[in-house]
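Subject: The structure I promised you

Hi there,

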Amino acid sequence: MLALLVGLAVTLVVHDQQEQRHKAERTFVRNELANKSYAALQAKLHSAEALLRAVQTLFLASDEVTAAEFGSFYLNMRPREQFPSLLALAYAQREVWPDGEHYITRWVDPLPGNEAVAGLDVGAQPRNLAGLLASRDSDRVTLSAPFHPVQQAMSSAPDDGITMRLPIFSSGRPPQTVNERRERMRGSIAMSFRVSHLIGDALPDRLTRELHLKITDATDPGAQLLFDSQPGLAAPASGYRFERRLVYGGRAWDIVMQPLDSGAAPIEWSRSALPAGLLVSVLLAMLVFSVVSTRQRALDLGWQMSRRYRESEERFRALNDLLPVLVLLAEVESGRITYANQAARDRLGGRVDERDMPDLFEDRNLRTRLRGPDTRGCGRLEAQLRLGEGASFWASVAISRIVLSGHDKLLMVANDISEQRQLTELLSHQASHDALTELYNRREFERRLQAALALTDSATPPAVLLYLDLDQFKLINDTSGHLAGDQLLAQLAIVMRKQLGGTDVLARLGGDEFGVLVADVADRADAEQIAERMRRCIDGYVFIWEQRSYTISASIGGVMIDRPDILVKDLLTHADTACYMAKEMGRNRVHFYSERDDETVRRHGEMEWANRLRWAVDEHRLVLMYQEIWPLPLVAGGEPDIEVLLRFRDESGQLVVPGVFMPAAERYGLMPVVDRWVVQTTLAHFDRLHPAGAGLHMVAINLSGASVEDEALAGLIVGWLQQYKVEPSRVCFEITETVAVRNLSHVVRFMEQLRTAGCRIALDDFGAGMSSFTYLKNLPLDIIKIDGSFVRDMLTDPVSHLMVKAVTDIGHRLGLEVVAEWVTDMETVQALMLLGVNRVQGFSLHHPELAAFQRD
């Protein structure tokens, strides 16, 4: 009896723990369902907002939207397919009457069923009007408080209508203050819904079967019920309860979910530990009883011994079936499996006892070892076990030779470690590979480079290290975003991998830089051919992103690995230096490092240029030149404008063009200092720049992106204009297209400051960044300069000619003066004049000269 009571107590404890786990699982499932329902409702509101913003975009794109266009937009979008609860999509126009502002609903779709909405004054619905005014002042989407829709004027249904609104402002830059928004308000667009249907459509079907959902609007005093999945059902006083507040569109909705049943469903009898526990308790009590009782044992000792043997075997099998590990017994001579526990049958198949133990293993040596008549099994090891039909899994296995009932057996105990092994392999892969391109990362590349260096001696063929840096990669990030840049890197990784052999190493070293390690090259000529092949595969690749296409090129630096007495970091430094030289010599080329290369040794990186530029002003190394800009048609005795150009005078007195030192200035943040020197020096010697002197009509000065982002520069320029008594209308500041679109709002503010002072603004290199013409509407410009690559090819390339014509036509329609760069011959001048271009510049018209004051 004592054993029975102990067994029953243990069984009840296990059953209670099982009940607790069951309740916890039910709570988890309910939380998942509640969170999914909350997210679905939130996503429904965001989807409605996205549709409403699409309507707002229609008005922002055109100041003359008509009722027909509004109706066509509704038909094309088919909003009721996504929102069956939608009552109407409407536009209310702001009208000022003698008694104040009114918002009159002029357009409504669909009209059938919404006739009462057409011509409705939104002010007749105070809650609707409150939502409209809130969206106007905040310039954000707003929800109204529930109200009675006019479509249901004759219905006694509760206030079940809400509107989602966005304002429509007059054209121009977005208003920044509440007063400006109120002044520029043109109207309001709204989507009206039956809120109970909107909420009901967003919820999963499973929710209403398992949970009781109530949603109330708690924004205003006196909460108002919006939705009740089980009207009239009393909420349980205790138990599971999910509460969350959804804040959206200026409204606060309280969401409460409770289970429809008050308690958790009981555990299924087949899964409960109670039956087995009761049975084990009774068996344990019987076992104890049989042990303490000697009467039956004395009467029939033989029968009891037989029964004890059977019970022992049954207990062995029962205990082994309960084990989570795989347990198998096999004969030593034949290898045939005679026993497999439940875990083994589940993992290896129900007919595993028809197989031989050695055949379970993929390892041929292990199979041979287990088939030997004198096998002792094996210690713990990791091996692949066959499932049949080519499938297998990894397991931790131990096999021992035992004697059972006078027969030699092999006992195998195995544990499935597939998930652990996969996790280990995944972590190892992540530690050595780049997540974006799936190439080796810098750490793994350096490790393999070190291994290759260790194998280098006079008897082995040399290896080559290539360092690749993409040209103008920043342009793609600036114009199309970092997502496009990431996609380009991933595609180029695939393209470059196809050019290499199976033993070659390709890695992403960081940013847009790649490393290649090729072993066993014949000589430097062979290495140069490999590098050139890599360059051509990148140069020939066309990257397409959102209807834009980009041509890509790379500068490649190479280093021969033919001696072991060099460090990995020095190899990488030499390769980087060679890559820099490739860029300096014009980009899209291959350059191999050589210690005898004087140019490489003398200027081995941008750091040296940065150090030289820091002292360039004090050492009078910076020089101003000018190039004339001529009006069309060309006439003798005409008065040209000029563009100021910057040069660097090196130690030998030679003038270095900006393409050599500008990248270093941009990378190390020196452009604001250089630009300030150029602007101040130009204004200080304004009448001594050109032989025309004070008769010079206009001078153009280039500004970099870093200077445009300098908050203080515009104020400094205005001060210098006053200090040096320069008429602002004679000064034009040029900003490249890529700089303008990179931070549009900041650039607009900067331009407006200078235009307010009286200066002129030019957009330089237009077309190089492939930006939309719509940017021109938002930029305060006076001049647009067509990118020279189009002008150069316009006589031979129809697309370039069409581009020049399009830019010219658009510029003139916007009231801008159009200037063409890179004009190389008089035939191009005639073609540009026929297209209506206002001014031209290029080496064929005037070669840059030193500023007049620099010749003194």
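First a term that you will need throughout: a residue is called buried under 20% relative accessible area, exposed over 50%, and partly exposed in between, using a 1.4 Å probe and protein chains only. Please keep in mind that this is a predicted model, in which local features need pLDDT of at least 70 and side-chain atom pairs count only at pLDDT 80 or more, while totals for chains, interfaces and linings use all residues. Residues are numbered from 1 along each chain as its sequence is written, and side-chain values use heavy atoms, with hydrogens and water left out.

Let's start with the overall picture. The protein chain contains 30 helices and 31 strands; these are DSSP runs, H or I of at least four residues for helices and E of at least two for strands, numbered from the N terminus. Its C-alpha atoms fill a box of roughly 140 × 100 × 45 Å along the principal axes. The radius of gyration is 41 Å, whereas a compact globule of 856 residues would have one near 29 Å. That radius is taken over C-alpha atoms, and the globule rule is 2.2 Å times the number of residues to the power 0.38. Of the 856 residues, 45% count as buried.

Next, the helix α2, residues 67-77. Which of its residues are buried? They are Phe70, Gly71, Phe73 and Tyr74. These four cover an arc of only 155 degrees around the axis, so they sit on the same side of α2; the arc is that of the directions from the helix axis to the C-beta atoms. The face turned away from that buried side carries the exposed residues Ala68, Leu75 and Asn76. Among the elements that cover the buried residues of α2 are α1 (2-61), α3 (79-82), β1 (86-97) and β2 (100-109), where contact means heavy atoms within 4.5 Å.

Leu366, Arg367 and Leu370 are its buried residues. Because they fall within an arc of 100 degrees when seen down the axis, they line one face of α12. On the face turned away from this buried side are the exposed residues Arg364, Asn365 and Thr368. The general rule is handy here: an α-helix has 3.6 residues a turn, so residues three or four places apart point the same way.

Now for the interior. A nonpolar core is a set of buried Ala, Val, Leu, Ile, Met, Phe, Trp, Tyr and Cys residues joined through side-chain atoms within 4.5 Å. The largest one has 77 residues, and Leu646, Phe733 and Leu832 have the most contacts inside it. Helix α22 (residues 671-684) gives the most to this core, namely six residues. Apart from this core lies another, of 46 residues, including Leu33, Leu45, Leu203 and Trp253. What does leucine 646 touch? Leaving out residues up to four places away in sequence, its partners are Leu622, Val623, Leu624, Pro658, Phe661, Met662, Val674, Trp677 and Val678.

How many disulfides are there in the whole structure? The search finds zero, a disulfide being a pair of cysteine sulfur atoms within 2.5 Å. The sulfur of cysteine 579 is 15 Å from the closest cysteine sulfur, in cysteine 537, which is too far for a bond. Cysteine 579 is buried, at 2% relative accessibility. For cysteine 759, the closest cysteine sulfur is in cysteine 732, at 8.9 Å, again too far for a bond. Cysteine 759 is buried too, with a relative accessible area of 4%.

Finally, some backbone details. Most residues other than glycine have a negative phi, and most peptide bonds are trans. Here are some exceptions to look up:

- Aspartate 109 and proline 110 are joined by a cis peptide bond, with omega about -5 degrees. Proline 110 is in the loop between β2 and α4 (126-138).
- The peptide bond from leucine 632 to proline 633 is cis, with omega near 0 degrees. Proline 633 is in the loop between β22 (622-631) and β23 (641-649).
- Aspartate 520 has a positive phi, near 55 degrees, and is exposed, with a relative accessible area of 58%.

Happy exploring!
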